[in-house]
Amino acid sequence: MTDTEIEITADLVRDLLREQHPDLAGLDIREVAGGWGNQMWRLGDELAVRMQRMDPTPELQLNERRWLPVLAPRLPLPVPTPVRSGEPSARFPKHWTVMTWVPGDPLDCSTISRGDHAADALAGFLRALHVQAPADAPVSGDRGGRPKECTDGFDRFFHAVVPYSLADDVRSVWNDAVAAPEWEGPPLWVHGDLHPANVVVSDGTLSGVIDFGDVSAGDPAWDLAAAWVILPAGAASRFFDAYERADAGTIRRARGLAALKSLFLMLMGRNGDLGLPGGKPAWGPAGRAALDRVLKG
């Protein structure tokens, strides 16, 4: 049996806790739906166990362990914080981490009804996150860079899922992002993977941000794409007014990256409809709604 074929069950999680953190092994364990690179299990009421699953290497989880304790204290929305480390063993040859649980419903399974409040909350969160990253911050190979470096990925998603009637408009948004001035400031901390499954909602508004595996130093436009990918229609202008720091070029890059992320969500949704590994049926409608917001500007 290969690593990727290991079945992660509640019994396995409990056995690992008994081996490495026995004081936590008596807490209730419940599977959390969703996840791709990692599988989540609730541990009692306040904790979760994050199990490396599809991610081929441990770097993303190790980055969370290293940097979330640094970032979390100054972020205005709850984020998961590592509290215990689980190391590879004969029972499970991958990494796992016990983290604080962020309450709320993932946005891909919920909706934002208080758009203005959510726009302000997201802007405040990103203003706090987007500060200059230290020299030893991780640098992502496919997140945080220039849009033109992502053209191959965009083309792949574009040809896979863009409706013919929208093709010219989507291509125009992307071309404008590629042509926009590049980020000339210092590399800033970016979440790197803001989309509906990586934020949680309570009382109709954003209440937390999760999954920091792609946290890295780069162009803030990658996160600012959330103005269209996460927020409801009509909220982008308020978001950028509240964020205050985005110039016209950054907004152009962010809009193109929002198109890229929307197409990715649509592709994952299609894969889910086809029953393919890693597919997420709920992501398709979320991606199409986000693409509609992108095209409306």
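Predicted model: local features only at pLDDT ≥ 70, side-chain atom pairs only at ≥ 80, totals over all residues.
**Exercise 1. How are α4 and α9 oriented to each other: parallel, antiparallel, perpendicular or oblique?**

Residues are numbered from 1 along each chain as its sequence is written, and side-chain values use heavy atoms, with hydrogens and water left out.

*Solution.* 

Step 1: find the elements. Helices (H or I, at least four residues) and strands (E, at least two) are DSSP runs, numbered from the N terminus. Helix α4 covers residues 151-161, and helix α9 covers residues 248-273.

Step 2: take the geometry. Axes are lines fitted to C-alpha atoms, for helices over the stretch in contact, and angles run from 0 to 180 degrees between N-to-C directions. For α4 and α9 the angle is about 50°, and the axes are 9 Å apart.

Step 3: classify. Angles under 35 degrees count as roughly parallel, over 145 as roughly antiparallel, 65 to 115 as roughly perpendicular and the rest as oblique. α4 and α9 are therefore oblique to each other.

Step 4: A crossing is left-handed if the near helix is turned anticlockwise from the far one by less than a right angle, and right-handed if clockwise. α4 and α9 cross in the left-handed sense.

Step 5: list the contact (heavy atoms within 4.5 Å). On the α4 side it is made by G153, F154, F157, F158, A160 and V161, and on the α9 side by L260, L263, F264, M266, L267 and R270. Sorted by class, these residues give 10 nonpolar, 1 polar and 1 charged. Here Ala, Val, Leu, Ile, Met, Phe, Trp, Tyr, Cys and Pro count as nonpolar, Asp, Glu, Lys and Arg as charged, and the others, Gly among them, as polar.

**Exercise 2. Why is the ring pair of F239 and F240 edge-to-face?**

*Solution.* 

Step 1: recall the rule. Rings of Phe, Tyr and Trp (its six-membered ring) pair if their centres lie within 6.5 Å; planes under 30 degrees apart count as stacked, over 60 as edge-to-face and the rest as tilted. The count comes to 8 aromatic pairs.

Step 2: apply it. The ring centres of F239 and F240 are 5.0 Å apart and the planes stand at 75°, so the pair is edge-to-face.

Step 3: look around the pair. W228, F239, F240 and Y243 form one aromatic cluster. F239 lies in helix α8 and, leaving aside neighbours within four places in sequence, touches A119, L122, A123, L126, L224, A227 and L231.

Step 4: check accessibility (buried is under 20% relative accessible area, exposed over 50%, partly exposed in between, with a 1.4 Å probe and protein chains only). F239 is buried at 0%, and F240 is buried at 11%.

**Exercise 3. Find loop residues other than glycine with positive phi, and state their exposure.**

*Solution.* 

Step 1: D203 has a phi near 55°. D203 sits in the loop between β8 (199-202) and β9 (205-209), and at 68% relative accessibility counts as exposed.

Step 2: E244 has a phi near 75°. The loop between α8 (236-243) and α9 holds E244, which counts as exposed at 59%.
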